[in-house]
Amino acid sequence: MLANAFLLACRQIWRNPMRSLLTVLGIVIGVAAVITMVTVGNGTTTSVREQIESLGGNQLVLRPGQRLGPGGSAGAPAFKLADIKAIENQVGGVVSVAPRVTRTTIVVGEGKNWSTSVTGTTNEYFTADNRTLAEGRYFEEAEEKSGSAVCVIGQTVRRELFGEDAPVIGKMLRVKSFSCRIVGLLTEKGSAAMGGDQDDIVVIPFNTAARRLIGSNRVSMLSVAVDPASDREMLKNSLKELMRERRSLSSTDADNFQIMDTAEIADTVASTTKVLTTLLGAVAAVSLLVGGIGIMNIMLVSVTERTREIGVRLAIGATEREVLLQFLIEAIVLGCLGGLLGIVIAFAASWVLASLMQVPFAFYPGINILAFGFAALTGIVFGYFPARRAARLDPIEAVRHE
């Protein structure tokens, strides 16, 4: 009986292909929109998390002041080099601490100039910031102590000044008013989660920056690499208490520094993008409701058009259950057809959008199955009333219908 009802439903749908396609259009749009929004949203979440973790998943960043942005550190004293030793010796779970001073300036190489970020730091920075070398070496201990004119550059700086694949180790790079020798080339990291190019950087020893670029030993930032097995909250509390003590803050004074945890930032941003993805998916799901109303409308029209056919079937022995099943299956087939078309369109749209947005594309079976299930459920819910109406027609009145 089910097979016969399915064949009758398919025959009726095929009899009016254009009307059937327009009937399921709302379902197609709804399913495609939901799957696309969730797929692209999840890809964006993954991309943001990976980009933030690329900054160093086990890194704490200390900055003077109570907020980020211009003027955020106004009035707050900079850190001192002595703070580094104090943190390494007095806070458990700290692997290393790197001072950082950064200036945006013009660098010149082989007759070309480029505005980039120049960072003065130590070798510990490369570990804390999850930086690896593609070529060359890090700074030697003697170079760090003496403030030698050496540097490690990012891929963007090489591309803009020397060429995409040009050898750079041993070449000279002019930074502001002094020249330094390139000893290392960093592995490409790509764009940052909040914008910016992580490969547009020149790294020089801290003492070199202090003497030739900044003019002082003031430290504007500390990168603290922590042991992954340590208690992160306890470590941050110990670090906070130590810095308050070293900066002579009383119990009533507010912190004039901030501790940023890259792992917490990654979790917060990922949670935010997940909420936005869910919201967009819920908005897109409204299209499924619209599509369901479209199915019910067309099914009611179909019942009116086929009243005589229904009456003849009932008159020659068809039961109300068989008529109900025929129309209900027809609605379910329409819903499932719309779901399948929506999945195909969503796959193509998600792939194109992921490529344009440069986020990972991943096929999530769960959301596809859920969307298809809702499409089928829409067919059942909105097809039941027209089917019930058809099954309850009086055979004699139905045969007489014009």
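Predicted model: local features only at pLDDT ≥ 70, side-chain atom pairs only at ≥ 80, totals over all residues.

Reader: What is a salt bridge, and how many salt bridges does a search of the whole structure find?

Author: A salt bridge is a side-chain nitrogen of Lys or Arg within 4 Å of a carboxyl oxygen of Asp or Glu. The search finds nine salt bridges in the whole structure. One of them joins aspartate 129 to arginine 131, with 3.1 Å from N to O.

Reader: Are aspartate 129 and arginine 131 buried or exposed?

Author: Buried means under 20% relative accessible area, exposed over 50%, and partly exposed in between (1.4 Å probe, protein chains only). Aspartate 129 and arginine 131 are both buried. By contrast, lysine 145 and glutamate 141, whose side chains form a salt bridge at 3.1 Å (N to O), are both exposed.

Reader: How are lysine 145 and glutamate 141 separated in helix α5?

Author: Helices (H or I, at least four residues) and strands (E, at least two) are DSSP runs, numbered from the N terminus. Lysine 145 and glutamate 141 are about one helical turn apart because they stand four residues from each other in helix α5 (residues 141–146).

Reader: Which parts does the pair of aspartate 255 and lysine 240 tie together?

Author: The side chains of aspartate 255 and lysine 240 meet in a salt bridge of 3.5 Å, N to O. Lysine 240 belongs to helix α8 (232–246) and aspartate 255 to the loop between α8 and β10 (257–261), so the pair ties together parts 15 residues apart in sequence. Salt bridges with shared partners also join Lys240, Arg244 and Asp255 into one network.

Terms used:
Residues numbered from 1 in each chain as written. Heavy atoms only, no water.
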